[in-house]
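Here is a short note to read alongside the model. Keep the sequence and the 3D view open as you go through the points.

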Amino acid sequence: MKTLLFGFAVIVAPVLGAQQPSDTNEAGRLRTQIESTFTRRVQQDLSLSQDQATKLRATQERFGTRRRAAMEQQMERRRALDNQMQPGIAANPDSVRKLMDGMQTGRAEMLKLEQDQNREMASYLTPVQQARYQQMRERFMQRVGELRMQRRDGRGFGREQGEGPRRPPIRGGARRRGI
């Protein structure tokens, strides 16, 4: 299991950090590889028939594309809201309200996508298979979230666990003191 998680981490690391436009093709290729590995694992663990596996793959592709687009919109809204809420800079109340409304709309859209996907899967998976799939997907997404947080905090791959984030030096060489 540790080998699987390490392999997952090695595969996901570039995807999670791929911010550069030149990395887009590589990120897409790695995302496809990760999704394919996850799908094979689901097929094996849930003992899916070939027909069920084919239908599940189609569902994952269709809803995955929509989910990624919705998540990207949410990230853009979150970044814009963060920009509005910078300390010491007055935020534009109209922009903040629109962004907050957009965040709520985005959450509702994500919930609707999940409901629609569950309804479609219910047509070819048993309730037990569907529940197990949801558990596997939730654990998978939690792990991806953990890896994202590690990369964002600078504790990503190649750094010792528990080692704090790398910070750029403060001008004049002085270190910032925490409160």
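1. A word on the model before the details. This is a predicted model, where local features need pLDDT of at least 70 and side-chain atom pairs count only at pLDDT 80 or more, while totals for chains, interfaces and linings use all residues. Residues are numbered from 1 along each chain as its sequence is written, and side-chain values use heavy atoms, with hydrogens and water left out.

2. Start with helix α3, residues 50-84. Helices here are DSSP runs (H or I, at least four residues), numbered from the N terminus.

3. Next, look at what α3 hides. Its buried residues include Leu56, Phe63, Arg67 and Leu81, where buried means under 20% relative accessible area, exposed over 50%, and partly exposed in between (1.4 Å probe, protein chains only). Among the elements covering the buried residues of α3 are α2 (24-45), α4 (93-121) and α5 (127-152).

4. Ser47 deserves a stop on the way. This residue sits in the loop between α2 and α3, and it is exposed, with a relative accessible area of 60%. The phi of Ser47 is near 50°, a positive value in a residue other than glycine. For background, most residues other than glycine have a negative phi.

5. Now for the salt bridges, of which the count comes to 10. A salt bridge is a side-chain nitrogen of Lys or Arg within 4 Å of a carboxyl oxygen of Asp or Glu. In helix α2, Arg41 and Asp45 are four residues apart, about one helical turn, and they form a salt bridge with the closest N and O atoms 3.1 Å apart. Arg41 is partly exposed at 32% relative accessible area, and Asp45 is partly exposed at 35%.

6. As a general rule, an α-helix has 3.6 residues a turn, so residues three or four places apart point the same way.

7. Which residue forms a salt bridge with Glu120? The partner is Arg62, with the closest N and O atoms 2.3 Å apart. Because Arg62 lies in helix α3 and Glu120 in helix α4, the pair ties together parts that are 58 residues apart in sequence. Arg62 is partly exposed at 40% relative accessible area, and Glu120 is partly exposed at 23%. Elsewhere, salt bridges that share partners join Lys112, Asp116 and Arg119 into one network.

8. Finally, is Asp116 buried or exposed? Asp116, in helix α4, is buried, with a relative accessible area of 15%. Its side chain makes a polar contact of 2.7 Å with that of Arg119; a polar contact is a pair of N or O atoms within 3.5 Å, where within protein one must be able to donate a hydrogen and the other to accept it, and residues adjacent in sequence count only if both atoms are side-chain atoms. Leaving aside neighbours within four places in sequence, Asp116 is in contact (heavy atoms within 4.5 Å) with Phe63 and Arg66.

Methods:
Helix = DSSP H or I, 4+ residues; strand = E, 2+ residues; numbered from the N terminus. Expected span 1.5 Å × (residues − 1).
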